[in-house]
Amino acid sequence: MRSRNLLCIPALAFSLLSSCRDPEPFPESMHDERLSGGSNTVFDKTSGAFSNPFPGLSAYDSRVHAFGDAQFSQTFVTAPATVNSGLGPLFNNVSCVSCHHNDGIGVPTTGEAQSSLLMRISLPGTDEHGAPRPVPGYGTQLEDKATFGKMPECRINISYTYNTFRFPDGETCELRTPVYSLTNLYIPISGYLLSPRLAPPVFGLGLLEAVTETSILALQDPADINHDGVRGKANYVWDPATQSVKLGRFGWKANTASLLTQVAAAYNQDMGITSSIFPKESSYGQQQDDKLQDDPEISATVLHSVAYYMQTLSVPARRNVTDRRVLRGKEIFKAAKCNSCHVETLTTGTNMAFSQVSNQTIHPYTDLLVHDMGKGLADDRPDFLAGPADWRTAPLWGIGLFETVNYPAFFLHDGRARNFTEAILWHGGEADYSVEYFKKLLKIDRDALITFLKSL
């Protein structure tokens with residue numbers, strides 16, 4: 001026993017010395033492209049692949065993550081109630097997990113218990129912070145559910161038109177175009193702009209938050225100086241948590257600066273739950289407002305723990321990286337210049353306060369910038385500096401597991417695409433070159449590209 005304790009002394013000393021050093025970059029000699037999230041990668045390809053905490057969290061941090069996880073799953077009810085009180089009076093859903101199923105992509109339906117599609121609304125112009133201009137009586141998001149005795153703001157209807165695309169070799173692909181309409185408006189409005197938003201996956205977000213602003217800005221080319229047709233730009237947004245303008249990096253149009261704000265906004269707009277960041281009900285100023293003096297309805301502890309839960313969700317590892325078809329697909333991905341926007345590798349900054357995300361080499365396949373994606377995907381609704389056809393480059397890490405985690409899988413900001421081929425064909429604008437390249441590929445190469453995407 002004595003010798004065992006002596007052996008522990010050098011290990012303890014090394015641990016203490018290591019804890020005093022600055023976090024160091026991940027050694028290049030240990031690079032493994034399977035490690036999409038750097039040291040925060042998990043080798044899990046099951047339906048729970050998006051729900052794993054960072055490996056190596058301390059006992060305390062693990063408890064905070066677990067508490068946030070529990071809150072993420074909590075169902076809210078109407079006031080007064082002793083637990084999880086304050087739902088509504090207007091809302092879209094009753095819990096975080098009801099939209100972000102298994103921490104993954106949502107379902108593009110409305111009105112149902114498991115629906116994950118919400119509708120942003122605004123008038124032309126901006127508010128005092130450059131944000132979309134609210135619609136009187138509706139704000140900037142439509143709530144299609146209400147508590148007992150209140151009226152939902154409206155009913156959101158979705159219909160689809162279909163057309164068939166034919167590749168030169170004869171293979172076909174059916175594309176569906178969503179058409180949105182509002183009925184049962186509780187007060188009449190006109191001249192409004194609509195933008196559907198599907199609930200996105202929530203894993204790996206802490207790593208994206210840790211990428212430095214300098215790194216993101218270095219990927220911009222708004223004047224297309226290199227003449228490749230790709231003109232990514234940053235979206236700068238008003239952050240209510242800090243009361244300042246900051247770089248946007250979350251949301252389909254990169255219209256949110258931090259995960260804390262993202263969580264607080266979701267509680268407020270999606271569930272009608274107030275917090276220190278959004279102390280007013282989403283129904284404030286409307287005839288639907290309950291006028292109860294029960295705010296804030298969640299504590300700072302709950303708010304920060306849910307944000308921490310999302311910050312510390314791991315990224316699933318890539319699979320089959322040495323497979324011949326995967327390697328061929330990766331070559332095609334680069335030849336088609338898909339990586340001009342879906343940038344494979346980013347590096348997080350040094351963060352002494354949050355060492356788990358510090359100096360990590362990650363492979364999210366995004367530049368976190370917004371790009372003009374063409375008329376086909378345009379919602380014609382600006383959002384801060386993001387134009388009517390601009391969308392943030394969606395991270396591709398984990399996309400190959402969407403069908404496993406969230407079957408059936410849906411893609412793009414409104415879930416119109418039901419498979420990879422549809423999603424690619426919907427790209428336009430700055431992605432025109434990539435789409436035309438894809439259309440001209442032989443079927444064996446199209447399949448190789450899809451196989452590569454499924455490995456991510």
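Guide: Helices (H or I, at least four residues) and strands (E, at least two) are DSSP runs, numbered from the N terminus, and the expected span of a helix is 1.5 Å times one less than its number of residues. This is a predicted model, in which local features need pLDDT of at least 70 and side-chain atom pairs count only at pLDDT 80 or more, while totals for chains, interfaces and linings use all residues. Residues are numbered from 1 along each chain as its sequence is written, and side-chain values use heavy atoms, with hydrogens and water left out.

Visitor: How many Å does helix α7 reach from its first C-alpha to its last?

Guide: Helix α7 covers residues 324-335 and has 12 residues. At 1.5 Å a residue one expects 16 Å, and the reach in the model is close to that, at 17 Å.

Visitor: Within what arc do the buried residues of α7 fall, seen down its axis?

Guide: Buried means under 20% relative accessible area, exposed over 50%, and partly exposed in between, using a 1.4 Å probe and protein chains only. The buried residues of α7 are Val326, Gly329, Lys330, Ile332 and Phe333. The arc is taken from the directions from the helix axis to the C-beta atoms. These residues line one face of the helix, because seen down the axis of α7 they fall within an arc of 160°.

Visitor: Which helices are included in what covers the buried residues of α7?

Guide: Covering is judged here by contact, which means heavy atoms within 4.5 Å. By that rule, what covers the buried residues of α7 includes α10 (432-439) and α11 (443-455).

Visitor: Which residue takes a positive phi just after α7?

Guide: Most residues other than glycine have a negative phi, and most peptide bonds are trans. Just after α7, a positive phi of about 65° is taken by Lys337.

Visitor: Is Asp103 buried or exposed?

Guide: Asp103, in the loop between β2 (90-91) and β3 (117-126), has a positive phi of about 65° although it is not a glycine. With a relative accessible area of 4%, Asp103 is buried.

Visitor: Is Asp380 buried or exposed?

Guide: Asp380 lies in the loop between β15 (370-372) and β16 (390-392), and its phi, near 60°, is a positive value in a residue other than glycine. At 51% relative accessibility, Asp380 counts as exposed.

Visitor: What is omega for the peptide bond from Tyr407 to Pro408?

Guide: Pro408 is found in the loop between α8 (402-406) and α9 (420-426). The peptide bond from Tyr407 to Pro408 is cis, with omega near -5°.
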